[in-house]
Amino acid sequence: MKNNIFDKNGHLKKYKNWNTKIAKKIAKKEKIKLKKIHWKIIKIIRKFYSKFERMPSILMVYKILKKETNKTIYINKLFNNNFIKISSKISGIPKQNICM
């Protein structure tokens, strides 16, 4: 991966530089095998970010996926128990100014 498109924490510097190939490389580095549910969550995160320029909370994602999962803990486990940090990286969201 090109280091000049990432910040020191591994987040893309620019949201528009994201693509699925980059997402797969980041996921591999984070030891996550992307499945259908991951891609659904990534789509939700990217859509939310494009509208509000911030990362959705795990609760917001859960409410959208309510029919597919019955616990927020499941969503968190999909991202190695670090939903905000890892899902935002894989989704191409610049580092957020929130506690991670």
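Select serine 91 to begin: at 0% relative accessibility this residue counts as buried, where buried means under 20% relative accessible area, exposed means over 50%, and partly exposed lies in between, with a 1.4 Å probe and protein chains only. Serine 91 sits in the segment after helix 5; helices here are DSSP runs of H or I with at least four residues, strands are runs of E with at least two, and both are numbered from the N terminus. Leaving aside neighbours within four places in sequence, show the residues in contact with serine 91, namely Trp18, Ile42, Ile45 and Arg46, contact meaning heavy atoms within 4.5 Å.

Before moving on, note that this is a predicted model, in which local features need pLDDT of at least 70 and side-chain atom pairs count only at pLDDT 80 or more, while totals for chains, interfaces and linings use all residues. Residues are numbered from 1 along each chain as its sequence is written, and side-chain values use heavy atoms, with hydrogens and water left out.

Just after helix 5, glycine 92 takes a positive phi of about 80°. Proline 94, also found in the segment after helix 5, counts as buried at 16% relative accessibility. Not counting residues up to four places away in sequence, proline 94 touches His11, Leu12, Lys13, Tyr15 and Tyr49.

Now draw a C-alpha to C-alpha distance from proline 94 to asparagine 80, which gives 19 Å in space for two residues that are 14 apart in sequence. Asparagine 80 has its place in the loop between helix 4 and helix 5 and is partly exposed, with a relative accessible area of 39%. Its phi is near 50°, a positive value in a residue other than glycine. Select asparagine 81 as well, which is found in the loop between helix 4 and helix 5 and has a phi near 60°, again positive in a residue other than glycine. With a relative accessible area of 51%, asparagine 81 is exposed.

Finally, show helix 2 together with helix 3. The two pack at an angle of about 120°, with their axes 11 Å apart, where axes are lines fitted to C-alpha atoms, for helices over the stretch in contact, and angles run from 0 to 180 degrees between N-to-C directions. To inspect this packing, select Ile37, Lys40, Ile41, Ile44 and Phe48 in helix 2, which meet Met60, Val61, Ile64 and Leu65 in helix 3.
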